[in-house]
Amino acid sequence: MAQQVPLDFLGDLRRTHSCGALRAANEGQRVVLMGWVYRRRDLGGVIFIHLRDREGVTQIVFRAECDGALHGKAEMLRSEYVIAVEGLVEARTAENINPNIPTGEVEIVAEKMWMLNTSETPPFPMEEHVDVNEDMRLKYRYVDLRRPHMQRNVMLRSKISLEVRNELSGQGFLEIETPFMTKSTPEGARDFLVPSRIQPGNFYALPQSPQIFKQLLMISGYDKYFQIVRCFRDEDLRADRQYEFTQIDLEMSFPQEEQIFQTIEPLLEKVCAVAGYTVKAPFPRMTYAEAMQGYGIDKPDLRLPRFWPVEDLFPADAGLTREGLPLVAIHIPSTGALSRKERDELKDYGRERGLTVYDDPKRLERDFPGVVEKVRERTGAGENDLLLLAGWRDEPKGQRPEETVYQACGQLRLYAGQKYNDRHKLLDPTDFRFLWVLDFPMFEWNDEDERWVAAHHPFTSPKDEDLGKLTTDPARCRARSYDIVLNGVELGSGSIRIHRQDIQSQVFSAVGFSLEEAQARFGYLLDALTYGAPPHGGIALGLDRLVMILAGESSIREVIPFPKTAKGTDLMSEAPAPASERQLRELGIQLRRPQS
């Protein structure tokens, strides 16, 4: 329990400065500061308090020789007490200047103090770099959010959101809100359902994105729309995924892909500048096919070099990979020589993913004279670099078997690059490598349902030249879709949409929707497409992921004020929680155990 001390009322007292504002130029001014007690040093006749608010810290001095009663009151102060202080700004002597804080040249000689509230002992220290169990932090999130690095993250998020609004408004976009309670749509994840009280048995769905509504806004003639919007997906959580997340969502009428890029690139330049980083547009671009053949993933981290197919450099009967599948050369710069144990770890990692990994260039050179030098020329690998060759040993699987090989090689490339980053220093978190990935497959095969499904979403337009492949050759049908990627993280995804009802109906048919099902689920969109729908397209950027990277964090929970745990629980409010019998009765809901 907090000690019992007499508390003061704030009355009409107003602060004159934040705790991070005062400098040497303010010497001699009488000021009023308010905040939390951060640190306290009692030297007997003098008590030093570090007073903290979101803007910084200022040192307050209480001297017994100046005011014994005030000094006695300061003796009662403890960590996280809330106080107001009035006093004079005094310059510190040269030997007492604190270079670690912006206010370190001055201190406040206290003349009055108001004790506004006490505090229990915090459940963990408020210091900058203290390792605290995450569950404890989330249970006491209102305390955790006072810590300096958390306040920096939340304020950075606010500044980025403001910059987004300013930039998009300056480009002629209108900020328009779309509904949170809508109808379930297929977007690759489960919906959160909201039961209707006045229509028992019917449900709203929380939106996975504002996709259909922003398309309807283009049909309504608003030309350019955006919003910073909350979205909801009932999917398994991880470091970069939450049930509820925030998108920078936009849509435009009559665009080509190039116009989308020219909208987003200056936006990201300015957002990075807010965080203190400089990036330059235009950003590089590559097709999905190029990304898979060079990186084995559709969100390449360009800080590591690409890999190269090299089966053509070896004899046809070399036997290093299954016939018809690629042999891939992976190189990681400046690793130096690896131990036998380290090489075995790489081979084991590859083997678990279906690869045979050849880690000994000298042995390959003995078996295939002159070929290793050609591999080094193609990859750019030097003598001090790690060079691996990876082939496929099992029966090829899937509708695109070569992609299975590339994906496994991409995982091996990232594993090796991250594992030995302490040697080559390529994965600098402040080295921002933006990339546009274009021309994704229109469909992907769903093994569970044994059918093709939309790779992006079913409102994405196919490439004009691939329209004839929608039903005849879906594996080779490409979409007018694009992702913006940063250092191996997908920041945003977008596409040119379908604006013709006949094409939309064909796509619904290609993903297995009957006419009746398409009409039941999307009848209002299909109808809207017959009322002068313009060509339109857009993109959605993940605000949480963007802020996470710019803040130098590894989890979006560090940049979301009130996140859920990996199990989807709010430890602070103890949600989710049971509903009362009365609530369930009003909704016409009877609970039963889920089937296992």
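The protein chain is divided into domain 1 (24–117), domain 2 (134–280 + 538–596) and domain 3 (304–427), with bounds that come from an automatic or database domain assignment, and the centres of domain 2 and domain 3, taken over C-alpha atoms, are separated by 39 Å. Please keep in mind that this is a predicted model, in which local features need pLDDT of at least 70 and side-chain atom pairs count only at pLDDT 80 or more, whereas totals for chains, interfaces and linings use all residues. Residues are numbered from 1 along each chain as its sequence is written, and side-chain values use heavy atoms, with hydrogens and water left out.

Let me turn to a pair of helices. The axes of α8 (residues 340–352) and α11 (residues 401–419) come within 10 Å and cross at roughly 150 degrees; helices here are DSSP runs of H or I with at least four residues, strands are runs of E with at least two, and both are numbered from the N terminus. The axes are lines fitted to C-alpha atoms, for helices over the stretch in contact, with angles running from 0 to 180 degrees between N-to-C directions. The two helices are therefore roughly antiparallel to each other, a label given to angles over 145 degrees, where under 35 is roughly parallel, 65 to 115 roughly perpendicular and the rest oblique. On the α8 side, the contact (heavy atoms within 4.5 Å) is made by Glu345, Leu346 and Tyr349, and on the α11 side by Gln411, Leu412, Tyr415, Ala416 and Lys419.

Next, burial. In helix α16 (residues 543–550), 8 of the 8 residues are buried, so this helix is largely enclosed by the rest of the structure; buried means under 20% relative accessible area, exposed over 50%, and partly exposed in between, with a 1.4 Å probe and protein chains only. Just after α16, Gly552 takes a positive phi of about 75 degrees.

Ser253, in strand β10 (residues 244–253), is likewise buried, with a relative accessible area of 10%, and, leaving aside residues up to four places away in sequence, Ser253 touches Met218, Asp223, Pro534, Pro535 and His536. Of these, Asp223 lies in the loop between α5 (211–219) and β9 (224–232), is partly exposed at 35%, and has a positive phi of about 70 degrees although it is not a glycine.
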